[in-house]
Amino acid sequence: MTISPRTMEDKSNKLILIPILAVVFLMIGYQYICPAGSNSCRFQTGDKLSGMFRQYHSGDDIYAYQEGLEEEGSSKIMSKFNFTDRDLERQVDFNIKGDDVIVFLHIQKTGGTTFGRHLVRNIHLEQPCDCMPGQKKCTCHRPGKAESWLFSRFSTGWSCGLHADWTELTNCVPVVMNKKDKKDAQRNGRNFYYITMLRDPVSRYLSEWKHVQRGATWKTALHMCDGRSPTQDELPACYSGDDWTGVTLTNFMDCPSNLANNRQVRMLADLSLVGCYNVSTFTAGAERERSRILLASAKNNLRNMAFYGLTEFQRKTQYLFERTFGLRFIQAFTQINSTRAASVGVGEGALRRDIEGLNALDVELYEYAKELFLRRYQYSRQTQHREQRLRRRQERQEERQRLHQHRAPISKARREEEKEIEGEEGEEVGGVATTEDYSSQVVRW
């Protein structure tokens, strides 16, 4: 029995159609299981297209260099807070040659030491900071002046107290800097640009516990508020003796006066709004109101700072600082996720929930800060792209104008040359003017 070519062709088409239909059904099923924007699936857009463009991967921090996909990823930020363009726009006219000062609020265990070293050792400056070997502090003077443009641990030291918070710095820094630079505070309208770093609350809390376990105390911190430090009754110690070396995580969490609890909110809020550290007279309802006031104050102060970064997003932190102050770092920031806190396995169970409960205000603040940070990054990238497109358009217009100006003299000279040739052809030859009537000339000859 012979098989016609048509029959064989039909069978081949059916065989090809089967895998095509299978792929179509798989794609439809995937869309139902993993809808766009879902975090439940393992493979995200960036993973599927990772081979198409260069990325910087560090944990949660993905620094995409491909412009279109980068903005597409940023546009998928889940919006919970209503931020205005004024909240997102952060580009200050920092005058390093004038009187402006950057003030770094260093919160413990947020990567502030690394960032502080970037400020004094890694910024491209006309007059770099002078860092002597073996010394922690560097001299960061303005170009041509013996005045500091940076207030931080590694430039001016702990001039307002060890790890001074927002309440301390805002009352202390203007006085200290004006005194150092011999400025008249009444007549001098200098700008103080406050900056800080934040970190995931659970990771930060565990990192502080490990630090205290090794013997750190920060006992010399002043905690100044309304002109005085807290009393022993207002801020009782969590341990007896010189330090808390060897403390277990359980004991660390059990101390109600442990300043590690909600440290980021406390250090960013205006403590004078809640009577500083005096909580002895607060009832349960009043304590909730106190927490609400502290959180609102911390959010407000953070939002109005010139800049803040997140430990989990080093490259974006670098980018936003450079865009905000118009300064450039010499070397790129690196993301280091292998910290001591990362080695503590808390998982997703009861222990993590207990730590989050002790740091409930910090958890809410960080959620707020993370969305604002990512939206500022997105806003800044989009602004930069618009600026680049406008600059390229202007360059093309200028290039066209230059070409037009260059062609104009050539065209003018060419027209004059053509006129000259026409004049020569119109001159009389042998007393007879040349004309287009060639036959009449033949007759006359």
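**Cores, sheet and salt bridges: a check of the terms**

Modeller: Within the largest nonpolar core, Trp149, Phe321 and Phe325 have the most contacts; the core has 75 residues. The model is predicted.

Colleague: Which helix gives the largest share of this core?

Modeller: Helix α13, residues 360-425, with nine residues.

Colleague: What other core lies apart from it?

Modeller: Another one, of 19 residues. Trp218, Met253, Ala260 and Ala341 are among them.

Colleague: What makes such a set a nonpolar core?

Modeller: Its members are buried nonpolar residues, joined through side-chain atoms within 4.5 Å.

Colleague: Which residues does Phe325 touch, leaving out those up to four places away in sequence?

Modeller: Phe325 touches Val92, Phe94, Ile102, Tyr193, Ile195, Ala306 and Phe307. A contact needs heavy atoms within 4.5 Å.

Colleague: What share of the contacts with a separation of 6 or more joins residues 24 or more positions apart?

Modeller: Such pairs account for 71% in this chain.

Colleague: How do you know that β3 and β8 pair?

Modeller: Five bridges join β3 (residues 101-105) to β8 (residues 192-198). Pairing asks for at least two, so the two strands qualify. They run parallel. Phe104 has Ile195 in β8 as its bridge partner.

Colleague: What is the strand order of the open sheet?

Modeller: The order is β7-β3-β8-β9, four strands with parallel pairing.

Colleague: Why are β7 and β9 called edge strands?

Modeller: Each pairs on one side only. β7 covers 150-151, and β9 covers 307-310.

Colleague: What makes Arg263 and Glu208 a salt bridge?

Modeller: Their closest N and O atoms are 2.8 Å apart. The cut-off is 4 Å, so the pair counts.

Colleague: What does the pair of Arg263 and Glu208 tie together?

Modeller: Arg263 lies in helix α9 (residues 263-268), and Glu208 lies in helix α7 (residues 201-213). The pair therefore ties together parts that are 55 residues apart in sequence. Arg263 and Glu208 are both buried.

Colleague: How do you know that Arg352 and Glu348 form a salt bridge too?

Modeller: The N to O value is 3.8 Å. That is within 4 Å, so the term applies.

Colleague: Is Glu348 buried or exposed?

Modeller: Exposed. Its relative accessible area is 64%, and the term asks for over 50%.

Colleague: Why is Arg375 called buried?

Modeller: Its relative accessible area is 17%. Buried means under 20%, so Arg375 falls in that class.

Colleague: Why does Glu371 count as buried?

Modeller: Glu371 has 6% relative accessibility, also under the 20% cut-off. Arg375 and Glu371 form a salt bridge, with the closest N and O atoms 3.6 Å apart. Both lie in helix α13, four residues apart, about one turn of the helix.

Colleague: Which residues do salt bridges that share partners join into one network?

Modeller: Arg204, Glu208 and Arg263. The whole structure has 15 salt bridges.

Colleague: Why is Ile20 called partly exposed?

Modeller: Its relative accessibility is 46%. Ile20 lies in helix α1, residues 5-33.

Colleague: Which residues make the nonpolar surface patch of about 570 Å²?

Modeller: Ile16, Leu17, Ile20, Leu21, Val24 and Phe25 make it.

Technical notes
Residues are numbered from 1 along each chain as its sequence is written. This is a predicted model: local features need pLDDT of at least 70, side-chain atom pairs count only at pLDDT 80 or more; totals for chains, interfaces and linings use all residues. Side-chain values use heavy atoms; hydrogens and water are left out. Patches are made of residues with over 30% relative accessible area and no salt bridge: like charges are joined within 9 Å, nonpolar side chains (Val, Leu, Ile, Met, Phe, Trp, Tyr) within 5 Å. Accessible areas come from the Shrake-Rupley method with a 1.4 Å probe; for residues, only the protein chains shown count as cover. A salt bridge is a side-chain nitrogen of Lys or Arg within 4 Å of a carboxyl oxygen of Asp or Glu. Buried means under 20% relative accessible area, exposed over 50%, partly exposed in between (1.4 Å probe, protein chains only).
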